[in-house]
Amino acid sequence: MIRIVIAENQQMLLEAISSLLNLEEDIEIVGQASNGEEAITLVNQLQPDVCIMDMEMPVMSGLEAAEALKSFECKVIILTTFRRTGYFQLALKANVSGYLLKDGPSEELACSIRRIMDGERIYSPELTDESSNNNTREMGVLGLLADGQTTNEPSNQQRNPIGTVRKYFSTIKDKMKLPAG
């Protein structure tokens, strides 16, 4: 059973998402919060597998809460309505496992939750910054690196040889303007 805490400041939407996900046989909503601060408290108390948060909430935003939850075992999924320049990079920095649009079907959210629990990272293409110009493979490699994969380890998910992973890592570092090494 996948245990989930949901944080959403719009009560009707919070209840709708909770109700729809509770219909899934392998998902259980264990807590609901109306802001990021409450979400952190619930994650600390309930130890869920996943915390789904709205991007913009009062008291503490979803991104701020995600940053605070980086040291927890709980995977964080950020939901948003609008694409905002720079938010994708902040989501990556906060190490979120998913950055998704709210307007997708509930089955898509449930499927994304399962895939994230299997170790994938899922970012809606519509939410990625155009300026980053990262292609799908680069994003997959970046996700593996965020999960602790090194350039000396072949990628099981991407099935890329080590040299290709190194190439993508170098491309990502160049685009993010990180120092070589």
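1. Let's start with the strand pairing. Strand β1 and strand β2 (residues 27–33) run parallel, and six bridges join them. If you want a spot to look at, R3 has E28 as its bridge partner in β2. Keep in mind that this is a predicted model.

2. How does the chain get from β1 to β2? It passes through helix α1 (residues 11–22), and this β-α-β crossover is right-handed.

3. β1 has another partner too: strand β3 (residues 50–54) pairs with β1 over four bridges, again in the parallel sense.

4. Is β1 (residues 2–7) largely enclosed or left open by the rest of the structure? Five of its six residues are buried, so β1 is largely enclosed.

5. Now the cysteines. A disulfide is a covalent bond between the sulfur atoms of two cysteines. How many disulfides does a search of the whole structure find? The count is zero. Take C74: the nearest cysteine sulfur belongs to C51 and is 5.3 Å away, and C74 is in no disulfide.

6. Which cysteine is buried, and which is partly exposed? C74 is buried because its relative accessible area is 8%, under the 20% limit for that label. C111 has a relative accessibility of 37%, so C111 counts as partly exposed.

Technical notes
Residues are numbered from 1 along each chain as its sequence is written. This is a predicted model: local features need pLDDT of at least 70, side-chain atom pairs count only at pLDDT 80 or more; totals for chains, interfaces and linings use all residues. Side-chain values use heavy atoms; hydrogens and water are left out. A disulfide is a pair of cysteine sulfur atoms within 2.5 Å. Buried means under 20% relative accessible area, exposed over 50%, partly exposed in between (1.4 Å probe, protein chains only). Helices (H or I, at least four residues) and strands (E, at least two) are DSSP runs, numbered from the N terminus. Two strands pair if DSSP finds at least two bridges between them. A crossover is right-handed if, with the strands pointing away from the viewer, the path from the first strand over the helix to the second runs clockwise.
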